[in-house]
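Hi everyone, thanks for making time. Let me put the structure up, and then I'll walk you through a few places in it.

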Amino acid sequence: IAAALRPQDAAGLRIVVSAGGTREPIDPVRYLGNRSSGRQGAAIARAAADRGAEVTLVAAHVDDVVVAELAGIDVRRVGTAAELGQVMREFAPTADVVIMAAAVADYRVAEVAQRKLTKEAANGVPPTLELVENDDILATLARDRREGQTIVGFAAETPETGEDLVERGVRKRRRKGADLLVVNAVGWTQGFESADNTVTIIDARDSVAASASGTKREVADAVVDAVLAVRA
Ligand code: CTP
Ligand code: CA
């Protein structure tokens, strides 16, 4: 009922959102991961759907309790960065808006062990993991974007100052070729696993298009607002 009363200002848009954090296997029981819970990406999917968009959420290790709030949204689960990239490239060609909120592992393990690494086999010598770089999904989607498509990236930074946060965001948006980059400051006790978030949204003119602070849903609505503004 609440959703029905909201303005349907995203009606007619197909939006693909990635959320969560990818995990890169080391062996059958271990992985390289990150602290992303998927809550902000899921909140964007929820907000866009409530505002009338047709939404697909590509979820990398998003908590079941978070996914449970996504009734009516097509949720595709993935594990690794490679899987996330594959599913994003499958859905992006028919999307009007692509939002990469997932934390994608920058590197994967060069040779995944087929059996558990053991201390017995290591014989007192700690192993060294050789890593290889993962493809940059966002940069690829931005490069291959179709006419009129809006590409949105995210960046979690550990800046020295507020000014430094914006400068990092501007440089990163340019490197990726995204239309918008949503930047937030994170730290040991900031940004993760919390209900609230504070973001700055950088646009294609290297300006701050918007700033938002509040619940992840409020921030999600601000991101959807910024997307609709660039498409207006
Ligand atoms: N991203 C991606 N593919 C990758 C790495 C990142 O699509 N292999 C996307 C993320 O989903 C996010 C944006 O790029 O939307 C920025 O991610 P970030 O990790 O901040 O960018 P990096 O270029 O990896 O920079 P850093 O060295 O700061 O991690
Ligand atoms: Ca990265």
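K116 counts as partly exposed because its relative accessibility is 48%, where buried means under 20% relative accessible area, exposed over 50% and partly exposed in between, with a 1.4 Å probe and protein chains only. Do keep in mind that this is a predicted model, where local features need pLDDT of at least 70, side-chain atom pairs count only at pLDDT 80 or more, and totals for chains, interfaces and linings use all residues. Residues are numbered from 1 along each chain as its sequence is written, and side-chain values use heavy atoms, leaving out hydrogens and water.

K116 sits in the loop between strand 7 (107-109) and helix 5 (119-122); helices (H or I, at least four residues) and strands (E, at least two) are DSSP runs, numbered from the N terminus. Leaving aside neighbours within four places in sequence, K116 is in contact with D27, P28, V29 and R30, contact being heavy atoms within 4.5 Å.

Where does K116 turn up in the records? An unreviewed UniProt entry lists D106, K116, F154, K172 and K176 for "binding site"; such annotations may be inferred rather than shown by experiment. These residues spread over 71 residues of sequence, and in space up to 37.2 Å between C-alpha atoms.

Now to another residue of that list, K176, which is found in helix 7 (residues 162-176). Not counting residues up to four places away in sequence, K176 touches D136, L138, A139 and A142.

One more residue, I99: beyond four places in sequence, its contacts are I15, V16, V17, S18, I44, V152 and F154.

How values were computed: Chains lettered and ligands numbered in written order.
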